Amino acid sequence: MKILHTSDWHLGKRLDYFSRLEEQRAVLTEICEIADGEGVDAVIIAGDLFDAFNPPVEAVELLYKTLRQLSREGLRPVIAIAGNHDSADRIDAPDVLARECGIIFIGYPQAIIQPFHTKNGFSINTTTPGFLEISLPQYNYPLRIIHTPFANELRLKQFLGLEDKAQQLNELLRKHWLTIGNIHCDNQGVNLLTTHLYMLQRGGEILEEPEGEKPIKVGHADLVYSDAIPLQIQYTALGHLHRFQNIGDEKRPVVYPSSPLAYSFSEAGQAKGVVIVEVVPEQPAQYQFVPLSSGKKLHRKRFKDIDAAVLWLNENPDTLVELTLMSDTFLSSADMKRIHEAHNGIIHIIPIVQQTTSNPAHTQPINLDQNIDALFKDYFQHRLGQQPNPELMDLLNEVIHCETETED
């Protein structure tokens, strides 16, 4: 059985003022092509379908069209759970119509999916809170999925019985998943878990949440450790962290598949892709990371020379850039114009003026009898360790001239 695992689409997300919708459209088309090319039997999207509770109309349309294409009109089950960026109500809303297309939306923990059958496709016959079993006509064994969408404190209390933060979320989920596993996940089927949580290996490295991401981890209260996963589970499909990584082991993979695009400059240089999982009953799951090529590359670049910066920008037009410019003086408007004309994907420009070190004990007293230009130069030198450039002096004189005319 082949399953495509993806997550963190963040449809509708912008990088500062820059829309990513066309890039998202291209990369989702690529994911559909991979699903068809690999001949996958099911698709799991482990949360953060949207970037906001109220996504733009174009993002909603893109999601529905993509899921319908992935499902091949009901021949292939597509399971999509809510993440911390999603509105659970919005994810659940199209459920009746979605099921006709083989799409299973799961917004809340402990959701009960109503049994159904798609024409010439698959069927869901067994469901309990937080669990579903899928029968695929091409296999003589079922696909079982334990599902836990993202749950904030209110949802945890309402759906899972978490009374307060002092109660360990890890222990609560361990017992919940183990109960389902013991009842429904024998060795006669394929057993998976999908969830959108901050999970890591006990005693392992603390993994950083993506820059700009709504944080799940607050201190250590919301950590869930991979040892909470029942032994029956052959593969765990995670969502939330945007870098591809397996926090389990090779026999029982616990995988973040990565986001399909780099959504912050902290992700610059990360490989983005989906994971293809191959699994049969009683055997360890085999998985492969399949890289995605669509979308603009993100770069954090630092230059000390304007000419070098302009040259690099001209040579790398189809990128999004956070540009740090180091100089001994403030950048002139002519330099800024050259930079902006060289590239239309500059998201941030960070100017850093390198100050000369001064010893306060040897600072010369300021002569207050000087004219305004000299006083300003002395002040500038005192505060920033350098002389103002001619443009700043022209601006100062223009302001003074305007004020003088106003008084007259």
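In this predicted model, strand 17 and strand 18 run antiparallel and are joined by six bridges. Within this pairing, Glu278 is opposite Gln286 of strand 18. Strand 17 also pairs with strand 1, again in antiparallel fashion, through four bridges; there, His5 has Val275 of strand 17 as its bridge partner. Because five of its six residues are buried, strand 17 is largely enclosed by the rest of the structure.

**The sheet**

Strand 1 is joined to strand 4 as well, by four bridges, and these two strands run parallel. Ile3 stands opposite Ala42 of strand 4. These pairings belong to an open sheet of six strands, ordered 6-5-4-1-17-18, in which the pairing is mixed. Its edges are strand 6 and strand 18, each of which pairs on one side only. On average, and with direction ignored, neighbouring strands of the sheet are turned by 20 degrees against each other. In general, the strands of a sheet pair through backbone hydrogen bonds, in either a parallel or an antiparallel manner.

**The helices on the sheet**

Helix 1 lies across strand 1, strand 17 and strand 18, and runs at about 165 degrees to strand 1. Helix 2 also packs on the sheet, where it touches strand 4, strand 5 and strand 6; its direction makes about 130 degrees with that of strand 6.

Helix 1 comprises 18 residues, 21-38; at 1.5 Å a residue it should therefore span 26 Å, and the 26 Å between its end C-alpha atoms agrees with this. Its buried residues are Leu21, Glu23, Gln24, Val27, Leu28, Glu30, Ile31, Cys32, Ile34 and Ala35. The elements covering them include strand 1, strand 3 (18-19), helix 2 (57-71), strand 17 (273-278), strand 18 (286-291) and strand 20 (319-327). Just after helix 1, Gly39 adopts a positive phi of about 65 degrees.

**The nonpolar cores**

Which residues of the largest nonpolar core touch the most other members? Among its 35 residues, these are Leu4, Trp9, Leu67, Leu70 and Phe105. At least two residues of this core come from each of helix 1, strand 4 (42-46), helix 2, strand 5 (78-81), strand 6 (103-106) and strand 17. Helix 1 gives the largest share, seven residues. Another core, of 29 residues, lies apart from it and has Ile104, Ala111, Tyr141 and Val255 among its members.

**Residues in loops**

| Residue | Phi | Loop |
|---|---|---|
| Asp16 | about 60 degrees | between strand 2 (14-15) and strand 3 |
| Gln110 | about 65 degrees | between strand 6 and strand 7 (116-117) |

Gln110 has a relative accessible area of 24% and is partly exposed. Arg72, in the loop between helix 2 and strand 5, is likewise partly exposed, at 43%. Although 31 residues separate Arg72 from Ile103 in sequence, their C-alpha atoms are 10.0 Å apart in space.

Neighbours within four places in sequence aside, Gln234 is in contact with Gly189, Val190, Asn191, Lys251, Arg252, Pro253, Val279, Val280, Pro281, Glu282, Gln283 and Ala285.

**The protein as a whole**

Ten helices and 21 strands make up the list of elements in the protein. Of its 408 residues, 51% are buried. Among contacts with a separation of 6 or more, 67% are between residues 24 or more positions apart. The protein exposes about 19,700 Å², of which carbon and sulfur atoms supply 51%.

Note on methods
Residues numbered from 1 in each chain as written. Predicted model: local features only at pLDDT ≥ 70, side-chain atom pairs only at ≥ 80, totals over all residues. Heavy atoms only, no water. Expected span 1.5 Å × (residues − 1). Buried < 20%, exposed > 50% of the residue type's maximum accessible area, 1.4 Å probe, protein only. Contact = heavy atoms within 4.5 Å. Core = buried A, V, L, I, M, F, W, Y, C linked by side-chain atoms within 4.5 Å. Pairing = 2+ DSSP bridges. Axes fitted to C-alpha atoms, helices over the stretch in contact; angles between N-to-C directions. Areas by Shrake-Rupley, 256 points an atom, 1.4 Å probe, with all protein chains shown as cover.
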